[in-house]
Amino acid sequence: MSAIRKVRRLREAFRALDVDEKRGIITAYNERFLFIPTKLIHAIEDRLSESFGPATATSFEYEIGREGGVQYMRIAEKAGFKFRNFQDLSSVAERLGTLAGWGKVMVHEFDPEKKTVSMRWTDGVSVRNKRGNLPVCHFGRGILTGAMETVFGTACDSLEVKCQGKGDAYCEAIIGAPEEISRLANGLGS
Ligand SMILES: [Zn+2]
């Protein structure tokens, strides 16, 4: 994509943003948003991990993210975005991902028949260093999973197969029907 087109698309995304100084609120696509520091997300992650252990914290973050993903897609639907094909989905990921500051989100593969999708992103909010042994983007993966549940109209599960938090060049999650994902997870484990 040309640099000019990129700037134009970005501008289009930010045009949706409205700051009401009188009321002290920010809206986009007629929904209220919050500007929160990334460190607040980190504080939530740390607190959950300290109080409940890393495994439970992971599942909390994932489930909370998933609810967020459903909400994002509700907003996207109201704003007139469609999710029929690869192109539609790419444009939602690009516009909403960028607008909300979640990082650069891209649809890598989309199989509407099998109901699976592979999403890639960089600069996820949960990546604090590149030295971990396990993927760290539980919120982000949750958001994408919730979003895809709306698109596929069915319960989904997901796996983060690559993560910048463990030194990979980008993060990548495979999202799809739970049985498809557990088949994949078993395949990776063996
Ligand atoms: Zn990641």
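Three strands make up an open sheet, in the order E1-E2-E3 and with antiparallel pairing; strands here are DSSP runs of E with at least two residues, helices are runs of H or I with at least four, and both are numbered from the N terminus. Two strands count as paired if DSSP finds at least two bridges between them. Strand E1 (17-20) and strand E3 (31-33) are at the edges with a single partner strand each, so one side of each has no neighbour in the sheet. Ignoring direction, neighbouring strands of this sheet are turned by 40° against each other on average, where axes are lines fitted to C-alpha atoms, for helices over the stretch in contact, and angles between N-to-C directions run from 0 to 180 degrees.

Before I go on, please keep in mind that this is a predicted model, in which local features need pLDDT of at least 70 and side-chain atom pairs count only at pLDDT 80 or more, while totals for chains, interfaces and linings use all residues. Residues are numbered from 1 along each chain as its sequence is written.

Within that sheet, E1 is joined to strand E2 (residues 25-28) by four bridges, the two running antiparallel, and Asp18 has Thr27 in E2 as its bridge partner.

There is also an open sheet of four strands, ordered E4-E5-E7-E6, again with antiparallel pairing. Its edge strands are strand E4 (104-111) and strand E6 (157-162), each of which pairs on one side only, and the twist from one strand to the next averages 20°. E6 pairs with strand E7 (residues 171-176) in the antiparallel sense over five bridges, with Asp157 standing opposite Gly176 in E7.

Now to the helices: how do helix H3 (residues 54-78) and helix H5 (residues 138-152) pack? Their axes are 6 Å apart, at an angle of about 40°, and H3 and H5 are therefore oblique to each other, given that angles under 35 degrees count as roughly parallel, over 145 as roughly antiparallel, 65 to 115 as roughly perpendicular and the rest as oblique.

Finally, 12 of the 15 residues of H5 are buried, so H5 is largely enclosed by the rest of the structure; buried means 20 or more other C-beta atoms within 10 Å of a residue's own, exposed means 12 or fewer, and partly exposed lies in between, with C-beta atoms placed from the backbone. Among the buried residues are Phe139, Ile143, Leu144 and Val151. Just after H5, Gly153 takes a positive phi of about 65°.
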